[in-house]
Amino acid sequence: MSDKVQIGLIQASHDVDGNEPVEVHKQESIRKHIKLVRDAAAKGAQIICLQEIFYGPYFCSEQNAKWYDAAEEIPNGPTTIQFQELAKELEVVIVLPIYEREGIATYYNTAAVIDADGSYLGKYRKHHIPQVGVGDQGYGFWEKFYFKPGNCGYPVFDTAYAKVGVYICYDRHFPEGARVLGLNGAEVVFNPSATVAGLSEYLWKLEQPAHAVANGYYLGAINRVGYESPWNMGEFYGQSYLVDPRGNFVATASRDQDEVIVGEMDKKFIREVRDTWQFYRDRRPETYEKMGQLLP
């Protein structure tokens with residue numbers, strides 16, 4: 001296995017009005033993203049990550065039970081199966097963030113991980129669920145209406161090209177899970193997101209490079225672009241990027257364009273950085289007892 005792996009990140013606008021039926025959203029978004037995955041593979045990407053709940057708008061802007069119909073089972077749902085076939089055809093690993101339904105009516109914000117032979121490796125469920133207003137029109141990140149907190153831990157998937165971890169959007173504000181992904185062996189961690197200017201942009205290029213440095217891995221951050229109607233709660237500001245274990249930006253996308261970026265991950269560089277900064281050797285878990293306690 002080569003030390004050098006090409007990482008593809010996909011950011012895209014969502015052009016269907018939120019008042020349209022759920023299936024219209026899914027059909028159009030899946031069509032669009034299949035093309036973008038093919039573009040990424042044509043550029044040499046071996047591991048490709050899509051944006052948070054890629055097959056629709058960021059519907060958590062409102063609290064509307066209509067969007068429960070967007071959820072699918074994983075791995076038996078049609079979207080996962082369709083992208084398994086695409087991954088096998090292109091011989092790429094795909095990190096596929098979709099809205100998951102388990103059983104009759106239990107919902108998670110999830111990413112399925114598909115290997116380069118099309119096999120389903122497992123899933124990550126978003127742990128930290130926000131409930132944050134934006135502006136004065138009643139819109140916001142009303143995710144507790146849609147998702148249960150994740151209960152699958154912080155798995156790392158041993159793919160054909162690298163050991164892959166996933167963190168989703170709001171998770172990035174919590175360093176604890178980022179560290180556990182490193183402890184579990186991640187070489188690259190993906191954070192597919194949906195976040196708007198005016199709320200989080202000042203943190204966008206601060207927190208995740210810090211996670212990469214503190215934990216000695218590459219990190220791919222993905223954010224959608226544009227404005228989504230009828231909510232228009234703010235601009236999804238793009239700027240997806242791949243950052244290395246020293247905090248250097250390997251590749252960065254534009255602010256407002258549908259775009260595929262490809263950056264190189266070097267596993268030898270991970271080893272060099274970890275040999276210098278022995279954070280895993282020098283950490284003191286026996287002193288961190290309070291981190292596992294609930295605050296009163």
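These legends describe close-up views of a predicted model.

**View 1. Surroundings of threonine 195.** Threonine 195 sits in the loop between strand E10 (188-193) and helix H4 (201-204). Its relative accessibility is 3%, so threonine 195 counts as buried. Its side chain makes a polar contact of 2.3 Å with the side chain of serine 200. Leaving aside residues up to four places away in sequence, threonine 195 touches Phe141, Arg172, Ser200, Trp204, Asn223, Glu235, Phe236 and Tyr237.

**View 2. The aromatic pair of tyrosine 58 and phenylalanine 236.** The whole structure holds 22 aromatic pairs. In this one, the ring centres of tyrosine 58 and phenylalanine 236 are 6.3 Å apart and the planes meet at 65°, so the pair is edge-to-face. The pair links distant parts of the chain, 178 residues apart. Tyrosine 58 belongs to the loop between strand E2 (47-49) and helix H2 (78-90), and phenylalanine 236 to strand E13 (residues 236-237). Both tyrosine 58 and phenylalanine 236 are buried. Phenylalanine 236 is also among the residues that threonine 195 touches.

**View 3. Tyrosine 99 and tyrosine 107 in an aromatic cluster.** The pair of tyrosine 99 and tyrosine 107 is tilted, with 5.5 Å centre to centre and 40° between the planes. Both tyrosine 99 and tyrosine 107 are buried.

**View 4. Lysine 26 over tyrosine 55.** Lysine 26 lies over the face of the tyrosine 55 ring. The distance to the ring centre is 4.7 Å.

**View 5. Arginine 179 over tyrosine 280.** Here arginine 179 lies over the face of tyrosine 280, at 5.3 Å from the ring centre.

Definitions and conventions: Residues are numbered from 1 along each chain as its sequence is written. This is a predicted model: local features need pLDDT of at least 70, side-chain atom pairs count only at pLDDT 80 or more; totals for chains, interfaces and linings use all residues. Side-chain values use heavy atoms; hydrogens and water are left out. Helices (H or I, at least four residues) and strands (E, at least two) are DSSP runs, numbered from the N terminus. Buried means under 20% relative accessible area, exposed over 50%, partly exposed in between (1.4 Å probe, protein chains only). A polar contact is a pair of N or O atoms within 3.5 Å; within protein, one must be able to donate a hydrogen and the other to accept it, and residues adjacent in sequence count only if both atoms are side-chain atoms. Contact means heavy atoms within 4.5 Å. Rings of Phe, Tyr and Trp (its six-membered ring) pair if their centres lie within 6.5 Å; planes under 30 degrees apart count as stacked, over 60 as edge-to-face and the rest as tilted. A charge sits over a ring if NZ of Lys or CZ of Arg is within 6 Å of the ring centre and within 35 degrees of the ring normal.
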